[in-house]
Amino acid sequence: MIIKKPILPHRVRQVPRSFSWIDHRLVRERHLDCCSHEAAALYLFLVCVGDSRGLSYYGDKSISKRLSMKPDLLASARSELIRNNLLAWERPVYQVLSLEARAVENRSASRATRLGEILNQAREEVSHD
């Protein structure tokens, strides 16, 4: 069993009064796998500045400046998050959405399926020769 201990004990994070959270399911359920770096940066920013309901009123100019992101790239990142059901937007309000349950791909089953497809294709090719 691995025992975790802080590398820098004097720098252990404390929960501040204005705390915002990032749901572990973003990684576990692979929500972020569908996001570009720009979309992930925008999501993180909006999570940090949003209120307890996930609402933020930051304007696009401010967000673009803070993230060093050109307006067209910001628009693209926002569309990506909306398409992936992580964000709602109705100018000037952004809302970080609750996460919907997402099926987690079973990698070994997926690999086995692909391997089976490859073997079937090889058998078909051999039988046609």
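The largest nonpolar core has 18 residues, among which L42, Y43, L46, I63, L81 and L86 touch the most other members; such a core is a set of buried Ala, Val, Leu, Ile, Met, Phe, Trp, Tyr and Cys residues joined through side-chain atoms within 4.5 Å, where buried means under 20% relative accessible area, exposed over 50% and partly exposed in between, with a 1.4 Å probe and protein chains only. At least two residues of this core come from each of α2 (37–49), α4 (71–83) and β3 (93–96), and α2 gives the most, with six residues. The model is predicted, so that local features need pLDDT of at least 70 and side-chain atom pairs count only at pLDDT 80 or more, while totals for chains, interfaces and linings use all residues. Residues are numbered from 1 along each chain as its sequence is written, and side-chain values use heavy atoms, with hydrogens and water left out.

Helices (H or I, at least four residues) and strands (E, at least two) are DSSP runs, numbered from the N terminus. The axes of α2 and α4 are 8 Å apart and the two helices pack at an angle of about 80°, which makes α2 roughly perpendicular to α4, a term that covers angles of 65 to 115 degrees, with those under 35 roughly parallel, those over 145 roughly antiparallel and the rest oblique. Axes are lines fitted to C-alpha atoms, for helices over the stretch in contact, and angles run from 0 to 180 degrees between N-to-C directions. In this packing, E38, A39, L42 and Y43 of α2 meet L73, L74, A77, R78, E80 and L81 of α4, contact meaning heavy atoms within 4.5 Å.

Three strands form an open sheet in the order β1-β3-β2, with antiparallel pairing; two strands pair if DSSP finds at least two bridges between them. Because β1 (55–56) and β2 stand at the edges, each with a single partner strand, one side of each is left without a neighbour in the sheet. Strand β2 (residues 87–90) is joined to β3 by four bridges, and the two form a hairpin with two residues between them. Two of the bridge partners are tabulated here.

| Residue | Bridge partner in β3 |
|---|---|
| A88 | Q95 |
| E90 | V93 |

Helix α2 lies across β1, β2 and β3, running at about 95° to β3.

Leaving aside residues up to four places away in sequence, L86 touches L26, H31, C35, Y43, L81, Q95, V96, L97 and L99. S64, in helix α3 (residues 60–67), counts as buried at 10% relative accessibility.
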